[in-house]
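Please read the report below alongside the sequence and the 3D structure. It goes through a few local features in turn.

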Amino acid sequence: MQREVGVLGTGRMGSAIALNLLSKGYRVHVYNRTRAKLEPLVRAGAVAHDTPASLAASADVVMTSLTDHVALHAVLEGEKGLLSALEEGHALIEMSTIGAEESAALSSLVRTKGITWIDSPVFGGPSLIRQGRALLLVGAEKADFDKYRAFLQELGSPIYLGGVTSGHRLKLALNLYLALHTLALCEAMALSIKLGFPPDVIIEVINASHHKSGLTENKGRRMAKGDFSPTFTLNHMLKDVNYAYRAAERTGAVLPLTSLGKELYRLASLKELGELDYSAVLLLLSQLSGIEFRSNA
């Protein structure tokens, strides 16, 4: 298996991917539009590049973890873009969350150059990627998945979902589930507080029951303490809910809760909560409900 790997986009998730691979002996090449975000990775042993093309020329496999399809398109094309230097037979593993239509268009663009495309968005936070325990939602030709399965297993548990774009399509539904599940928890917490209970009471009762989940056991406890430091920002969740909403419009899926959820996340973003964790929608509900609930982030 190749040992020269590129990671393009070094936010929370991209940095976790790079650190995981560095810890396993890979030579990791990194690029980010904001150069300062590369410094911790360079200190850990990564090789920084000034352009996507320079990174692509140094790696057999390039992994992208970017904000949205616009950012992905920007790094793919142009004189110094990835496609100017990725060679036929090399692989692009796309780990962002982007829309289904955008995934189809971008994967087609890449594959016409003779480059392998694997969509493998991550279901799980940066800490799970760092530990190699995240779920990877894989869409690819079966032969390509088989070829790169062992490499993907360095980062977690790959689940093969079918052909190209399958990973991106299911990720939209899964992130929508997280978004709406979190809204339900926020509303229940807001009501319990208005009824006179401290924020942690409803969380601990849920966690003592069979209704507990990863959300209530981890994020819920942080929410009760007023900790909204981001593992995944509210603005990123808003972006993903918008992708899901557009997919529903295109396919004819009827998603009434999604329409309301989209507006709640949008309002929270307008209230300048967008760079906090997506669970900070609780702060919006608190403001609207007249609850004194401060963020410790």
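K142 is partly exposed, as its relative accessible area is 40% (buried means under 20%, exposed over 50%, and partly exposed in between, with a 1.4 Å probe and protein chains only). This is a predicted model, in which local features need pLDDT of at least 70 and side-chain atom pairs count only at pLDDT 80 or more, while totals for chains, interfaces and linings use all residues. Residues are numbered from 1 along each chain as its sequence is written, and side-chain values use heavy atoms, with hydrogens and water left out.

The side chain of K142 meets that of D146 in a salt bridge, at 2.9 Å from N to O. A salt bridge here is a side-chain nitrogen of Lys or Arg within 4 Å of a carboxyl oxygen of Asp or Glu. Because D146 and K142 are four residues apart in helix α7 (residues 142-152), about one helical turn separates them. Helices (H or I, at least four residues) and strands (E, at least two) are DSSP runs, numbered from the N terminus. D146 counts as partly exposed, with 37% relative accessibility.

## Other salt bridges

Side chains of opposite charge can pair when their charged atoms come close. The structure holds 14 salt bridges. One of them joins the side chains of E217 and K212, at 3.9 Å from N to O. E217 is partly exposed at 32% relative accessible area, and K212 counts as partly exposed at 44%.

Another salt bridge links E263 with R266, whose closest N and O atoms are 2.8 Å apart. E263 and R266 are three residues apart in helix α12, so about one helical turn lies between them. E263 counts as partly exposed at 33% relative accessibility, and R266 counts as partly exposed at 42%. Elsewhere, salt bridges that share partners join K142, D146 and R149 into one network.

## Two residues with positive phi

T165 has a phi near 85°, a positive value in a residue other than glycine. T165 is found in the loop between β9 (156-162) and α8. Is T165 buried or exposed? T165 counts as buried, because its relative accessibility is 10%.

E272 is not a glycine, yet its phi is positive, at about 65°. This residue, E272, lies in helix α12 (residues 256-273). With 73% relative accessibility, E272 counts as exposed.

## How α8 and α10 cross

Two packed helices are described by the angle between their axes and the distance between the axes. The axes of helix α8 (residues 166-194) and helix α10 (residues 214-224) come within 12 Å and cross at roughly 45°. That angle makes α8 oblique to α10. Axes are lines fitted to C-alpha atoms, for helices over the stretch in contact, and angles run from 0 to 180 degrees between N-to-C directions. Angles under 35 degrees count as roughly parallel, over 145 as roughly antiparallel, 65 to 115 as roughly perpendicular, and the rest as oblique.

## A nonpolar surface patch

L191, L195, F197, V201 and V205 make a nonpolar surface patch of about 480 Å². Patches are made of residues with over 30% relative accessible area and no salt bridge, with like charges joined within 9 Å and nonpolar side chains (Val, Leu, Ile, Met, Phe, Trp, Tyr) within 5 Å. Accessible areas come from the Shrake-Rupley method with a 1.4 Å probe, and for residues only the protein chains shown count as cover. Within this patch, V201 lies in helix α9 (residues 199-207). V201 counts as partly exposed, at 31% relative accessibility.
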